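Work through the exercises below with the sequence and the 3D structure in view. Each task is followed by a solution in steps.

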Amino acid sequence: MAAYTLPEGFTDFDMFTFGTALLVGGVLGFFLNAISIVSFLSVKEMRNPSNFFVFNLALADISLNVNGLIAAYASYLRYWPFGQEGCNYHAFQGMIAVLASISFMATIAWDRYHQYCTRQKLFWSTTLTMSGIIWILSIFWAAVPLMGWGVYDFEPMRTCCTLDYTRGDRDYVTYMLALVLLYLLFPAFTMFSCYDSIHKHFKKVHQHRFNTSMPLRVLLMCWGPYVLMCIYACFENVKVVSPKLRMVNIGCIINLVTFENFWAIIGNIYIYFRVSVTPSDVMICYITHTQRLSFMD
């Protein structure tokens, strides 16, 4: 058996537990996102501009699931086997997935607002353009640390890689604050304003089709604690925070994204059993799928 040195503050049991949590969440999330993707590609009624945003959200989330599975593999090995260059690629790929996922959640909220409140038709040209811009911007902002504005490095357990928030230098602070503004505050404000308008519309017509508060809650549950820690690192020495607590943030993100996927699968299963019945049933299935983060009343 190859020799390895455990990271400071961690035991074999910690490595196994973290790897198992990532494995379970990653496999389940991968499976659920795969069903969302297959649903879009195989069910003709679902291949429309609005659902294309959901399709892209599933692609971003499944990419994050793959990122977590790689970390799970390294956790079982008790070390990172891909070197510093592999660490950079792992963090880069994970950052793209995170930024794209948050962006598409906000975009879906914008689309739902127009679907219910303004009744404006969404065209394929608009959907393709917006999706392309989201992916290009996600790749750009994820590539910035590779060019020197911010740095990617190992998490405390040294089995996965993200933005190095322990530096706390000017590059890190300015890059992190830019990300918080563009990829948390702006999407959260967009989702809040869109779903608040939808909620008011539902009250006006006395027909509540889904829980309008759930998408924003899930966004804040998934990313809020981790972002708070990263913001804390802008002003204080984050190394005083327990390494185990910092790793719990990573595990929670993967498993909360799986929680998001759980609600997607409910809508997808419903589609397969109801999509061919009546036009009204098709519309109900459409809503349950495209409103991924919502409950049906």
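## Exercise 1: Helix α2

Asn48 caps the N-terminal end of α2, with a side-chain oxygen 3.2 Å from the backbone nitrogen of Ser50. Helices (H or I, at least four residues) and strands (E, at least two) are DSSP runs, numbered from the N terminus. This is a predicted model, in which local features need pLDDT of at least 70 and side-chain atom pairs count only at pLDDT 80 or more, while totals for chains, interfaces and linings use all residues. Residues are numbered from 1 along each chain as its sequence is written, and side-chain values use heavy atoms, with hydrogens and water left out.

Task: state how far α2 reaches from its first C-alpha to its last, and how many of its residues are buried.

Solution. 
1. α2 has 29 residues and reaches 43 Å from its first C-alpha to its last.
2. Buried means under 20% relative accessible area, exposed over 50%, and partly exposed in between (1.4 Å probe, protein chains only).
3. In α2, 21 of the 29 residues are buried, so the helix is largely enclosed by the rest of the structure.

## Exercise 2: The setting of His114

Task: name the helix that holds His114 and the residues that it contacts beyond four places in sequence.

Solution. 
1. His114 is found in helix α3 (residues 83-118).
2. His114 is buried, with a relative accessible area of 14%.
3. Leaving aside neighbours within four places in sequence, His114 is in contact (heavy atoms within 4.5 Å) with Arg119 and Gln120.

## Exercise 3: Confidence

Task: identify the helices where confidence is lowest and highest.

Solution. 
1. pLDDT is the predictor's confidence in each residue, from 0 to 100.
2. Confidence is lowest in helix α8 (residues 279-290), at a mean of 36, and highest in helix α4 (residues 124-143), at 96.
3. Over residues 264-297 pLDDT stays under 50.
4. Where pLDDT is low, the predicted coordinates should not be read in detail.

Notes: The expected span of a helix is 1.5 Å times one less than its number of residues. A polar contact is a pair of N or O atoms within 3.5 Å; within protein, one must be able to donate a hydrogen and the other to accept it, and residues adjacent in sequence count only if both atoms are side-chain atoms.
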